Amino acid sequence: MRRPVLAVLLAAVCVAPAAGQTPPVAPHAVVGPVGIADARWTTGFWADRFETCRTATIPALAAVMEGTEHSQFLHNFRIAAGLADGKHRGPPWNDGDFYKWLEAAAAVYAVTKDAALDKQMDDAIAVVAKAQRADGYLHTPVLIANRNGDAGARPFADRLNFEMYNFGHLFTAACVHHRATGKKTLLGVAVKAADFLCGAFEHPTPELARNAVCPSHYTGTVELYRTTGDKKYLRLAVKLLDLRDAAAGGTDDNQDRVPFRKQTEAVGHAVRANYLYAGAADVCAETGDETLLDPLKKIWANVVTRKMYLTGACGALYDGASPDGSKDQKQIARVHQAYGRDYQLPNSTAHNETCAAVGNALWNWRMLQITGDAKYADVMEVTLSNAVLAGVSLDGKRFFYTNTLRQLDTMPVPLRWSRRREEWISCYCCPPNVARTVAQANAYAYGRSDRGVWVHLFGGSTLDTTLPDGRRVKLKQETDYPWDGRVKVTVESAPAGELSLFLRVPGWAEGATITVNGKPVTVTAGRYAEVRRTWAAGDAVELALPMKPRLVEANPLVEEIRNQVAVMRGPLVYCLESHDLPRGVGVQAVALPRDVKFAPRFDRNLLGGVAVLEGKAEVAADQPWGDELYREFKPPAPRPVDIKLIPYYAWANRGKSEMTVWMPLGR
Ligand SMILES: [Zn+2]
């Protein structure tokens, strides 16, 4: 009888996280993460995605990254370690992309305990560790140049070398690997590298302080603090953010023209932006710094009410300018994959890098933890289910770099990136980023706090977790979501005393109901429903979400989609793909009647199993356009057409096609 008491006491006095364990709920967060393998998908939508990631994506990425056919990832580490001769090949951020693969593999291993994957990681980590310089520095372009006799190559000489990006992904991958395996092999490398950063940034020049491009190092450094319990890494993260502000005067492209604490809107390169916001949120969760939370909330509101696509995608423009329209023209600089102006959301030419969507999900995951506010979970879910999943093919092996919301055979302008998913992308940041995100969706599905357990995402799964006070909870979730709105959570093992179950009721779910052992409780859409009671094994909470298809319109200031609507069902955005239209009807010609009705039908044999939406639309008379820009309007004589919409994430899996998310309103 004494052992459980001792366990509770130990849990209460252990403030620093022990090796391999779940980090504590951050002191300034309402809800924290569950352990890396506490939640497991069992059946359904996310279980299928995890399985594809495990069986197809992880091996496909390994084949690219362990080989040298396309570029060099692991091989750059081999050369840097002196295990092979040669030059550095590939962009300078390839190290970081390899760490992302390691993170994905470790997250999968946490659940599967696959010995072969463990060995594959061990072998790669041994090479990475051997490549690391004695003082902890680790960045293969510089190390290889030094090894090949170029003594002039030195750390942090050019911020576009992406060293901080690489360091950040090393830290995150090392923490995940440690939590998954209990091993300290990669964690040791990360600690040495972080100690190098502590020294390198002790007395930084402004130029060094601005060396923060695509800043995954804020989240990574905070994660290293959470894993090791060593406060110097939290101090380093705080210092790096503060330095960034002190050295402002850079460019909006990199979000350092204006100090972060003075920013009120999302500007610049969308991946860099979202990584910065996620990192600032992590620091805020640990320190409670309100001067970080204030800009984060303002920027979030700007993104969600002005700059984000319906799918959760970010970064509208291939090439933008910022500050756009400034009276001081000398200030204006070019921005690659820009957030763009308020309400500037083109479809055919949307950039929407997959990494920006991943960054958006990671940022919202952190805002959710700080606040416990369901609106962040809603954006996280929409982003994961649409923008992130569209980044990878259903077979798990091909990837989009950019994510359009409309693709026509005739494009208004030529675009830099492929209009199809590819096995190889010369900028290979997105594939391992999708992999690590899908591999950890189980961890994003649940949360824990002093009051109890949180259900953020719905999917067939089990949870076996320990609350911050040491009490253990086991439950299972059964659902066919997002195809069906019924979610049943059954308590399998509950500790003594009262405990809350927080169930997210999405903002779109007006009319949702919840029953506890058959008795209804009060529900508000857009909030977590807190069910607090003393639980017994077998207690069941049933959530019923309304899954009626919804027509969505945009603020009229979004000029590109005036008089158009999109269709959503649950968290999923739907689209019209040319495969599902009669021959000779282009997606441009289809208009939705104002009273259109869609009937959902689950098709097991289509696109891995999806609910399609079937309805009657109209073909507006589509007199072909020639080369003219304008012509006299002649009222069309529409004719009916049966249409079938598919989930946006599943488009471009049946060969060449046209596709549109937004459709004009007909009669
Ligand atoms: Zn990317």
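Q: If Ala, Val, Leu, Ile, Met, Phe, Trp, Tyr, Cys and Pro count as nonpolar, Asp, Glu, Lys and Arg as charged, and the others, Gly among them, as polar, what is the make-up of the lining of the largest pocket by class?
A: The lining of the largest pocket has 17 nonpolar, seven polar and eleven charged residues. The model is predicted, so local features need pLDDT of at least 70 and side-chain atom pairs count only at pLDDT 80 or more, while totals for chains, interfaces and linings use all residues. Residues are numbered from 1 along each chain as its sequence is written, and side-chain values use heavy atoms, with hydrogens and water left out.

Q: What makes a space in this structure a pocket or a cavity?
A: On a 1 Å grid over the protein atoms alone, a 1.4 Å probe fits in a cavity but cannot get out, whereas a pocket is an open set with protein on both sides within 12 Å along at least five of seven lines. The structure holds five cavities of 30 Å³ or more. The largest pocket has a volume of about 1400 Å³, a volume being the space filled by probe spheres set on grid points joined across faces, edges and corners.

Q: How is it known which residues line the largest pocket, and which lie nearest its centre?
A: A lining residue has an atom within 4 Å of a point. The largest pocket has 35 such residues. Nearest its centre lie Gln588, Ala589, Gln623, Trp625 and Arg631.

Q: What is the volume of the largest cavity, and which residues are the closest to its centre?
A: The volume of the largest cavity is about 570 Å³. Its lining comprises 35 residues, and Arg179, Glu223, Trp365, Arg366 and Gln440 are the closest to the centre. By class, this lining has 17 nonpolar, eleven polar and seven charged residues.

Q: Which helices each supply at least two residues of the lining of the largest cavity?
A: They are α7 (163-181), α10 (217-228), α12 (270-287), α14 (354-371), α16 (430-439) and α17 (441-444). Helices (H or I, at least four residues) and strands (E, at least two) are DSSP runs, numbered from the N terminus.

Q: What lines the second largest cavity?
A: The second largest cavity, with a volume of about 90 Å³, is lined by 14 residues. Those nearest its centre are Thr402, Thr404, Gln407, Ser418 and Arg419. The lining has seven nonpolar, six polar and one charged residues.

Q: How do you know which residues coordinate the zinc ion?
A: Donors are N, O and S atoms within 2.8 Å of the metal (3.2 Å for Na, K and Ca). Glu353 (OE), Cys355 (SG), Cys429 (SG) and Cys430 (SG) coordinate the zinc ion at 1.9 to 2.3 Å, so these atoms qualify as donors. Their residues are spaced E-x1-C-x73-C-C in sequence, and both Cys429 and Cys430 are buried.

Q: Why is the site of the zinc ion called tetrahedral?
A: Four donors count as tetrahedral if all angles lie between 85 and 135 degrees. The angles among the four donor atoms of the zinc ion are 93 to 122°, and the site is therefore tetrahedral.

Q: Why does Asn352 count as buried, and Asn563 as exposed?
A: Buried means under 20% relative accessible area, exposed over 50%, and partly exposed in between (1.4 Å probe, protein chains only). Asn352 has 1% relative accessibility and therefore counts as buried, whereas Asn563 has 53% and counts as exposed. Asn352 belongs to the loop between β4 and α14, and Asn563 to the loop between β16 (550-552) and β17 (564-569).

Q: What is the phi of Asn352, and what is the phi of Asn563?
A: Asn352 is not a glycine, yet its phi is positive, at about 50°. Asn563, likewise a residue other than glycine, has a positive phi near 60°.

Q: Why is Ser326 called buried?
A: The relative accessible area of Ser326 is 18%, so the residue is buried. Ser326 is placed in the loop between β3 (317-322) and β4 (333-338). Pro323 is also found in the loop between β3 and β4, and the peptide bond from Ser322 to Pro323 is cis, with omega near -5°.

Q: Where is Pro482 found, and what is the omega of the bond joining Tyr481 and Pro482?
A: Pro482 is in the loop between β9 (472-479) and β10 (486-493). The bond joining Tyr481 and Pro482 is a cis peptide bond with an omega of about 5°.

Q: Why does Leu545 count as buried, and how far is Leu545 from Ala512 in space?
A: Leu545 counts as buried because its relative accessibility is 7%. From C-alpha to C-alpha, Leu545 and Ala512 are 4.7 Å apart in space, and they are 33 residues apart in sequence.

How values were computed:
Four donors count as tetrahedral if all angles lie between 85 and 135 degrees; four count as square planar and six as octahedral if opposite donors are over 155 degrees apart and all others between 65 and 115; anything else is irregular. Ala, Val, Leu, Ile, Met, Phe, Trp, Tyr, Cys and Pro count as nonpolar, Asp, Glu, Lys and Arg as charged, and the others, Gly among them, as polar.
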